[in-house]
Amino acid sequence: MMAGSTQQQKELTAKVQELQVACAELSSLPSGRTAYQKRGAIFFLTDTSTLKEKKQEELTRLSATHAK
């Protein structure tokens, strides 16, 4: 039973790290740049500040779950 929990914790940690990297990369882009955001199976161009906000919200939500 503990092995499943450990695996789930590792996956959650990996996702948190992935989101941290994505936020850092989006922060390094110059203002006015656009980036692709995947929605379903399709990629859409979006403003980097909007995309960073969404990633930051997801990171905050996952970090709260991870801390439990």
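This is a predicted model: local features need pLDDT of at least 70, side-chain atom pairs count only at pLDDT 80 or more; totals for chains, interfaces and linings use all residues.
1. Ground rules: local features need pLDDT of at least 70, side-chain atom pairs count only at pLDDT 80 or more, and totals for chains, interfaces and linings use all residues. Residues are numbered from 1 along each chain as its sequence is written, and side-chain values use heavy atoms, with hydrogens and water left out.

2. The chain has 2 helices and 2 strands, in the order α-β-β-α from the N terminus. These are DSSP runs, numbered from the N terminus (helices: H or I, at least four residues; strands: E, at least two).

3. Strand 1 and strand 2 (residues 42-47) are antiparallel, with 6 bridges; strands count as paired if DSSP finds at least two bridges between them. Lysine 38 has phenylalanine 43 in strand 2 as its bridge partner. The hairpin leaves 2 residues between the strands, and glycine 40 there has a positive phi near 70 degrees.

4. As for overall shape, the C-alpha atoms fill a box of roughly 50 × 25 × 15 Å along the principal axes. Buried residues (under 20% relative accessible area, 1.4 Å probe, protein chains only) make up 19% of the 68 in the chain.

5. Contacts are heavy atoms within 4.5 Å. Of those with a separation of 6 or more, 52% join residues 24 or more positions apart.

6. Helix 1 (2-28), strand 1 (34-39) and helix 2 (48-67) each supply at least two residues of the lining of the largest pocket, and helix 2 gives the most, with 4 residues.

Definitions and conventions. Buried means under 20% relative accessible area, exposed over 50%, partly exposed in between (1.4 Å probe, protein chains only).
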